[in-house]
Structures are given as C-alpha cells and as structure tokens.
Amino acid sequence: MSQIWRIYFIPANIVIQGLAKLLLKSIRSFDIACRWGGEEFVIVMPNMTLETLRKRVEQLRLDVEQMQLRDGDQILEGITASFGIAVSESGITVKDFLNRANQAMLEAKRTGKNRVMEYVNTYPIIKGLPNKKMFQN
C-alpha cells in the first residue's frame, strides 16, 4: 500500500502545488483562484471580455504544459490541463455559471484534453454543480 501511495499520491500533490503556485502568479490581484476538489480548480476573472479570457487561459494552459516539477530526482513529465471557460450573463445564477464552465471543461477533455474550450449552448445539459466525480475520466 505504501508503494502505491508513493507512486500516485506524492507526484499528484507536487503537481497540484505547482499548479496552485502558477495560478497565483498568473492571475490579477482581484481574481479568485481556488481548489474545487481533487484535481480541479476554479478561477473567477471578473471584468474580462471573452477574447481576453480566451487568450489568458490559453497562456495558462501553455504555462502548465511547460512547468518543470520534480519528485526528488525524478522530473514529472507530461503535465497538461483542460480548461472550460464561460462568461457570465445578466440574470445567470452562480450555479448555472459554474455548470457552463464545467460543461466546457468536460467537452475539452472529451475532445482530446490539453485544450481550452468555451461554453456554447449546444453541450448536453449536466444537472447539478460540478463535483469531483464529474471531473474524473
């Protein structure tokens, strides 16, 4: 059991910590980044156009891909991230807003991973707020 923990748990924590540091360096002082669960993060970036959001998140995706992380002497390779983005509209609830971003992220994972997808109204409806189970492959 301790070998499985060593192989999977420690590198995952190193990646999550590295991602958290990268997020904090990459966002504005009034943006909000938080861990949503297991391997998921939510970033709220107010007062941003869709085009600017798309560019910022694409740069973040590239930065994740280029992260240099180590577990002792071992370099952790192949770190990627899938992003779902959504822009709030007048009258939309926080729950619906998060669902839209989640649907876009699931579409990014479904269509090949390591990409940024924006919410479009044609994704299948997924009921409920995003949760850990919804983010797993």
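**The largest pocket**

Author: This is a predicted model. Its largest pocket has a volume of about 1,400 Å³. Closest to the centre of that pocket, among the 48 residues lining it, are Glu-40, Phe-41, Ser-82, Phe-83 and Met-105.

Reader: Which element gives the largest share of the lining of the largest pocket?

Author: Several elements give two or more residues to this lining: α1, β1 (32-37), β2 (40-44), α2 (50-65), β5 (83-85) and α3 (94-110). The largest share is 7 residues, and it comes from α3.

Reader: What span should α3 have, and how far apart are its end C-alpha atoms?

Author: α3 has 17 residues. The expected span takes 1.5 Å times one less than the number of residues. That gives 24 Å for α3, so the span agrees with the distance between its end C-alpha atoms, 24 Å.

Reader: Which residue follows α3, and what is its phi?

Author: The residue after α3 is Gly-112. Its phi is positive, near 130°.

Reader: Is Gly-18 buried or exposed?

Author: Gly-18 lies in helix α1 (residues 2-26). Its relative accessible area is 12%. The cut-off for buried is under 20%, so Gly-18 is buried.

Reader: Leaving aside neighbours within four places in sequence, which residues is Gly-18 in contact with?

Author: Met-67 is 49 residues from Gly-18 in sequence, yet their C-alpha atoms are 7.8 Å apart in space. With those neighbours left aside, the contacts of Gly-18 are Met-67 and Leu-69.

Methods:
Residues are numbered from 1 along each chain as its sequence is written. This is a predicted model: local features need pLDDT of at least 70, side-chain atom pairs count only at pLDDT 80 or more; totals for chains, interfaces and linings use all residues. Side-chain values use heavy atoms; hydrogens and water are left out. Helices (H or I, at least four residues) and strands (E, at least two) are DSSP runs, numbered from the N terminus. Buried means under 20% relative accessible area, exposed over 50%, partly exposed in between (1.4 Å probe, protein chains only). Contact means heavy atoms within 4.5 Å. On a 1 Å grid over the protein atoms alone, a cavity is a set of points where a 1.4 Å probe fits but cannot get out, and a pocket is an open set with protein on both sides within 12 Å along at least five of seven lines; lining residues have an atom within 4 Å of a point. Grid points are joined across faces, edges and corners, and a volume is the space filled by probe spheres set on the points.
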